[in-house]
Amino acid sequence: MPTPPDVIRCAYAELVVTDLAAARWFYVDLLGLVVTAEEPEAIYLRAFEEYLHHSLVLRRGDVAACARLAYRVRSAAEVDRAEEYYRALGVRVERVPAGATRGIGEAVRIEDPLGFPVEFFHDAEHVERLTQRYDLHGAGAISRLDHFNVVTPDVPAAQRYYEDLGFKVSEDIADAEGTVYAAWLYRKPTVHDVALTGGDGPRMHHIAFATHERSQILHLCDHLGAARRSEMIERGPGRHGVSNAFYLYLRDPDGHRIEIYTHDYYTGDPDNPVVRWDVHDNQRRDWWGNPVVPSWYAEASTVLDLDGRPRPLTRRTESREADVTVGADGFSYTRAEETETPPRGFKVGNQV
Ligand SMILES: O=C1C=CC(S(=O)(=O)O)=CC1(O)O
Ligand SMILES: [Fe+2]
C-alpha cells in the first residue's frame, strides 16, 4: 500500500447555500469573515489570520449541502502521493487543475471511504494576512478555520481510516461495553482537525472557526441579539468537556452548523495522552450548565458526491449517544462510581 499523503491540517470547506445574500449576511456581516473574492454564484471567505485565498467557499445552489472538505498537504509532491494512495485504496479519484477552485492550485478530489467529498491540495494563492489589521477586526473577530466534524455510522472504522492517514486521536467518548460514540483526531497540534460523530452518515455535522478569546464568542451572541436573530444560536455558549474549548454553535440561514471555538489545548508532543470520556459522564460535552439540545445530536448537513449529487445515508447500527444518556449534559451528576447515598442524581431543572 502506498504511503499516505502528509496532511498538514484542515484547510477549507465548500458549502452550498440556497440564498447567497442571506448567507453573506451571516458569514460576513455577522461572523466578520473577510471576502477574498466574490462572483455572482460564489463567495470566497477567510478569517483574519489566514493568508491562503480562502477557508470557506459559499456556492449558490438549489439544495443546501456540503460540497467539499479540503485538507492542505505539505508539498506539491504530496498531492501526487494522495492520488497514488487513493487510487490504490480503490475509491473514486479525480485530479483537477489549478483554478478548478478559484485560488487553489492543482488538487486531488476523492469520495473518501466514509463517503465524504474530500480534496487534497498544496498550492494556493496568498492574500493579505490581516492578523494585526485591528482596524478591520470586529469585537467578534474570528482568527482561523479550526476543524471539521463529520457524522459517520461506524466511528472505530472511521478512526482507523484517519489513523492510517497519519491522524492521531486526542479524545473519544465510549462506554464500558466498548461502543465508541465519537472521536477527535488531529494533524495540526490542537485537539482536532476532524471529529467523528456516530450517527447516520455521511453527513457534515459542523465546520468550526477559532477565536482567540471567549469575549469574542460572547460578542457574537450579543450581536445576534442586537440583530434580533438570537434563534440562530443552537447550543451554548459554554465550555466543552471534550477539548476543554469554550464554544458556541450557530445554524446559518440554510441550517448548516457553524461552531465558534476557543481555548482548546496543545497536542504536539508524540506522547500526547488520549482522553477517554465515559458516555455516562454528563460533563463530557458540557463541562457545566448546558444540556445538549436534541437537534445537535439529530441534525446535520447533506454531503454531495463528486458529481454534486446528495450522498445516500448508511444508518448507524450501534447504540446512539442521545439514546443512552439523559442528554442533560453538564447539568447533572451521573458517574459510575457514585459513592454518596442517596446518589446526588440529577439537579432539578429541565432535562431532555
Ligand atoms: O469541537 C468539538 C469539541 C468538543 C465537543 S463536545 O460536545 O464537548 O463533545 C464537540 C465538538 O466536536 O464540536
Ligand atoms: Fe466542534
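Mentor: Happy to. One term before we start: two residues are in contact when they have heavy atoms within 4.5 Å of each other. Bear in mind too that this is a predicted model.

Trainee: Good to know. How much of the contacts with a separation of 6 or more comes from residues 24 or more positions apart?

Mentor: Residues 24 or more positions apart account for 69% of those contacts in the chain.

Trainee: And how many helices and strands are there?

Mentor: The chain has six helices and 18 strands. Its radius of gyration is 20 Å, close to the 20 Å from the globule rule for 352 residues, so the chain is as compact as a globular protein of that length. The C-alpha trace spans about 65 × 50 × 40 Å along its principal axes.

Trainee: What share of the residues counts as buried?

Mentor: Of the 352 residues, 54% count as buried.

Trainee: Let's go inside, then. Which residues touch the most other members of the largest nonpolar core?

Mentor: That core has 65 residues, and Tyr27, Leu31, Tyr71, Phe120 and Tyr162 touch the most other members. Helix H1, residues 20-30, gives the largest share of this core, with six residues. Apart from it lies another core of 13 residues, including Ala37, Ala42, Tyr44 and Ile104.

Trainee: What does Tyr162 touch, leaving aside its neighbours within four places in sequence?

Mentor: Tyr162 is in contact with Tyr71, Asp112, Leu114, Phe167, Leu185, Val194 and Leu196.

Trainee: Switching topic to the metal. What coordinates the iron ion (ligand 2)?

Mentor: Three side chains do: His147 through NE2, His206 through NE2 and Glu259 through OE, at 1.9 to 2.1 Å. Along the chain, these donors follow the spacing H-x58-H-x52-E. His147 is in strand S9 (residues 144-152) and Glu259 in strand S16 (residues 257-262), so that pair links parts of the chain 112 residues apart.

Trainee: Are His147 and Glu259 buried or exposed?

Mentor: Both His147 and Glu259 are buried. His147 also has a polar contact of 3.1 Å with the side chain of His192.

Trainee: Where is His192 found?

Mentor: His192 is in the loop between strand S11 (180-186) and strand S12 (194-198). Its relative accessible area is 2%, so His192 counts as buried, the cut-off being under 20%. Beyond its neighbours within four places in sequence, His192 is in contact with Asp146, His147, Trp184, Leu185, Tyr186 and Tyr261.

Trainee: There's another histidine I was curious about. Where is the place of His256?

Mentor: His256 is in the loop between strand S15 (246-251) and S16. At 1% relative accessibility, His256 counts as buried. The side chain of His256 reaches the backbone oxygen of Val16 at 2.9 Å.

Trainee: How many residues apart in sequence are His256 and Val16?

Mentor: They are 240 residues apart in sequence, and their C-alpha atoms are 9.4 Å apart in space. Not counting residues up to four places away, His256 touches several others, among them Tyr27, Cys66, Met204 and Ser301.

Trainee: What about the backbone? What is the peptide bond from Gly201 to Pro202?

Mentor: That bond is cis, with omega near 15 degrees, and Pro202 lies in the loop between S12 and strand S13 (203-210). A cis peptide bond also joins Gly236 and Pro237, where omega is about 5 degrees. Pro237 lies in strand S14, residues 233-239.

Trainee: And what is phi of Asn244 near?

Mentor: It is near 65 degrees, a positive value in a residue other than glycine. Asn244 sits in the loop between S14 and S15 and counts as partly exposed at 34% relative accessibility. His263 has a positive phi as well, near 75 degrees. You will find His263 in the loop between S16 and S17, partly exposed at 33%.

Trainee: Last one: which side chain makes a polar contact of 3.3 Å with that of Asn282?

Mentor: That is Arg284. Asn282 is in the loop between strand S17 (275-278) and helix H5 (294-298), and Asn282 counts as buried at 3% relative accessibility.

Key:
Residues numbered from 1 in each chain as written. Chains lettered and ligands numbered in written order. Predicted model: local features only at pLDDT ≥ 70, side-chain atom pairs only at ≥ 80, totals over all residues. Heavy atoms only, no water. Core = buried A, V, L, I, M, F, W, Y, C linked by side-chain atoms within 4.5 Å. Buried < 20%, exposed > 50% of the residue type's maximum accessible area, 1.4 Å probe, protein only. Helix = DSSP H or I, 4+ residues; strand = E, 2+ residues; numbered from the N terminus. Polar contact = N/O pair within 3.5 Å; in protein donor to acceptor, adjacent residues only side chain to side chain. Rg over C-alpha atoms; globule rule 2.2 N^0.38 Å. Donors = N, O, S within 2.8 Å, 3.2 Å for Na, K, Ca; no water.
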